[in-house]
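Hi everyone, thanks for coming.

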Amino acid sequence: MKKVFLLTLSLLLIVVLASCGSSDGGSKETTPEQTKDPLGGGVIRTEAPATEPPAPVETDIDYSKYTPTAEKLAEYDYVKIFEAPKGNPRDIVYDYMYAMSQIEWKATKGWNTHWKVQGDFGVNITYEEGKTYYGIPYSNTKCGLSVFENFVIDGTFTPNSEYYEELIGNHCSSSMGLAYQQIIDLPYSGGLKENSARRGLIKLAAPLEIPPSRTENNPDDWISETVTAHNGVDKLYEAYASLDKGDILYKMIDGSGHTRMVSKVEVYKTVAGKIVPSRSYVYCLEQTNAWADNKKESTWFIDRKYSFETLNSTNFTPFTLCIFHEENPKIYDAYIMMKGKNTPETIKKMLAGTIESTFPLNYVRATITDADGKIVSEAFKYDFTKNYKVNIRDMTFQLNADKLPTGTYTFNLKAGIARGTWDIETIEFTVE
């Protein structure tokens, strides 16, 4: 329901506040721009974002995969169902993103996150031993909340690597993709823009239209600059104004880029109804390659605000998920399934099992602990872009269970999707 409070006619501006509630594959991000609030407060009226009946969406998605039959499930030795989250889809994705930004942990040692093989933007983040930090660390490995939680022991985190390409963590677009995987099947491969790989999943914010491609053989070859040139600045500002919680701001440029998740929008208009871009703002939640403030305890920016004018000048294009605009959005249960069973013998000789999922797999981890509960060997598959099936056979050679000292051990196998982790097998075995 819209609530309108009449302001005095002498005001030159009418202030409207709309209160709410990745990048392509290898896209990189740069240090996010910052903007200051020139207003210092003011009187406002609140108004819900305007809505229109959703238009039919073309899609190539085969929805039957999300509801496997009893006969299909019977083919597997283990099956785990992750039930569809309930509630407003926008709240679901934003709450997950926020949870990733808030997890608390203490560094067991100091390290500096940097490139193993230098990329085209800077990564130089130094952590101090014993210091408390917040949020999943910044890295290129696309790990969700349950993955990182698996490595936080008694509130502490020990880095598995100092390299940006290997450290357990995520970055701007992968963190957002994982948030969207709470409600839709959105593998990292394909990006956070409307394109042929995202048909029926992501679209440009209204009233923007896709611009002509820059090349004949690739219809998806367009960037922020060509979107604005094709549509005009006024339509771009209208699109910013249409954004709501969970939507996307994507800096599409050749080379580097950056993505942000929208938390809310403030729109300021003249008495004639024209948007004032210097006084209209989008508030964002984002994972970055820079410290959020002088405390240097988080790389996550919470409710950082950017004016429409700044967003335009720094090439940020607005997108939204198609499901956000469906009258009755359908969120599907997710499944992890495994064919094969392990025994004390297979653990020492050759692991058995193929893990499959209906939503993108985030990781698979096998560990061996000794009688004191200490991990003495592990094998870890992660940094997935578009994986729905993993054979664990080759993890045998990483574990080397048959080469452990004499004793009794416990083997554990788990797998995870963005919604959570499942302990598939826990088996005690003995090395003589």
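**A covered strand and a helix pair**

Let's start with strand S11, where both faces are covered: Ile248, Tyr250 and Met252 are buried on one side, and Leu249 and Lys251 are buried on the other. Buried here means under 20% relative accessible area, with a 1.4 Å probe and protein chains only. Strands are DSSP runs of E with at least two residues, helices are runs of H or I with at least four, and both are numbered from the N terminus.

Before I go on, this is a predicted model, so local features need pLDDT of at least 70 and side-chain atom pairs count only at pLDDT 80 or more, while totals for chains, interfaces and linings use all residues. Residues are numbered from 1 along each chain as its sequence is written, and side-chain values use heavy atoms, leaving out hydrogens and water.

Back to S11, residues 248–252: five of the five are buried, so the strand is largely enclosed by the rest of the structure.

And which strands pair with S11? Pairing takes at least two DSSP bridges. S15, residues 316–321, runs antiparallel to S11 with four bridges, and there Lys251 has Phe316 as its bridge partner. S12, residues 257–270, is also antiparallel to S11, over five bridges, with Tyr250 opposite Thr259. The S11–S12 hairpin has four residues between the strands, and Gly255 takes a positive phi near 100 degrees.

Now the helices. Val93, Tyr96, Met97 and Met100 in H2 meet Ser175, Met176, Leu178, Ala179 and Tyr180 in H4, contact meaning heavy atoms within 4.5 Å. That's it from me!

Methods:
Buried means under 20% relative accessible area, exposed over 50%, partly exposed in between (1.4 Å probe, protein chains only).
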